[in-house]
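Colleague: I am new to reading structures. Can we go through a few features together, starting with charged pairs?

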Amino acid sequence: MRNGTIKQILLITDGYSNTGEDPVAMAALAKEQGITVNVIGVMEKDLIDEQSTNEIENIAMSGGGVSQVVYAQNLSQTVQMVTRQAMTQTIHGVVNKELQQILGSETQLEDLPPEKRGEVMEVVDDLGETSNLDILILVDMSASMKSKLPTVKEALLDLSLSLNARIGYNNYSIFLFPGKKKDVEKLLDWTPNLNKVSAIFPKLTAGGITPTGPALEEAVKHFKKKRSTRGRLEEYDERSIEESGL
């Protein structure tokens, strides 16, 4: 949560990875970079098999995030719930680290007296509304997801609307896996709203394998690229100020 920004990967899938790197290991790599990995498994009439369910849970656990398996018709509310729950979880982690530095290595938020805990929770709630939020959304485009894509589109639009009420700045990016020509394809670069998905999603075609590990790896790289670009822009601004003599 550096510089007041919460970073999340939101993985939406209906099956287990069957090619490329281990997605659980890639989720752990994301967590090391300060990125939370949340996973939503999407069902229709059929149930997700045990192998897929276990992978969904293990990816989220390894990535320090939240996982849910839901029917397609409940996807929209689940996307919003998981996103906000993961935000609160991230902020709790930051607050606990601060408390441990101040009060000792064993101190947790739950250990505080009720009145102090209430004060800290007000800070947590405030950070949830004011922190900037970067969400990179990974959408499974394997063949079994074809009928679920319209629901995914509506869920993402609803997510954007629900987060607009926040004071903090929201930034989204969408990657698909597999893409048309490679394992992972960027659909949308960083943008403050998701309105474009209304026009783009109906044109998408699903099919092929499920390279979840490579998709997570590409997502981590994209966050690094964003941070590197931001750093270069800040350096440029500083040089411009110095050169102007201000």
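Predicted model: local features only at pLDDT ≥ 70, side-chain atom pairs only at ≥ 80, totals over all residues.

Colleague: Which residue forms a salt bridge with Arg-84?

Modeller: Glu-129 does, and the closest N and O atoms are 3.4 Å apart. This pair links distant parts of the chain. Arg-84 belongs to helix 3 (residues 75-103), and Glu-129 to helix 4. They are 45 residues apart.

Colleague: Which residues form the negative surface patch?

Modeller: Glu-115, Glu-119, Glu-122, Asp-125 and Asp-126 make it up. Look for Asp-125 in helix 4, which covers residues 114-130.

Colleague: Now the sheet. In what order do its strands lie?

Modeller: Strands of a sheet pair through backbone hydrogen bonds, either parallel or antiparallel. In this open sheet, 6 strands follow the order 3-2-1-4-5-6, and the pairing is mixed. Strand 3 (67-71) and strand 6 (185-191) are at the edges with a single partner strand each, so one side of each has no neighbour in the sheet. On average, neighbouring strands are turned by 15° against each other, direction ignored.

Colleague: How many bridges join strand 1 to strand 4?

Modeller: 8 bridges join strand 1 (residues 5-13) to strand 4 (residues 132-140), and the two run parallel. As one example, Lys-7 has Asp-134 in strand 4 as its bridge partner.

Colleague: Where is there a cis peptide bond?

Modeller: Most peptide bonds are trans. The bond from Phe-177 to Pro-178 is cis, with omega near -5°. Pro-178 sits in the loop between strand 5 (170-177) and strand 6.

Definitions and conventions:
Residues numbered from 1 in each chain as written. Heavy atoms only, no water. Patch = residues over 30% accessible without salt bridge, like charges linked within 9 Å, V, L, I, M, F, W, Y side chains within 5 Å. Areas by Shrake-Rupley, 256 points an atom, 1.4 Å probe, with all protein chains shown as cover. Salt bridge = Lys/Arg side-chain N within 4 Å of Asp/Glu carboxyl O. Lys, Arg positive; Asp, Glu negative; His and termini not counted. Charge placed at Lys NZ, Arg CZ, Asp CG, Glu CD. Helix = DSSP H or I, 4+ residues; strand = E, 2+ residues; numbered from the N terminus. Pairing = 2+ DSSP bridges. Axes fitted to C-alpha atoms, helices over the stretch in contact; angles between N-to-C directions.
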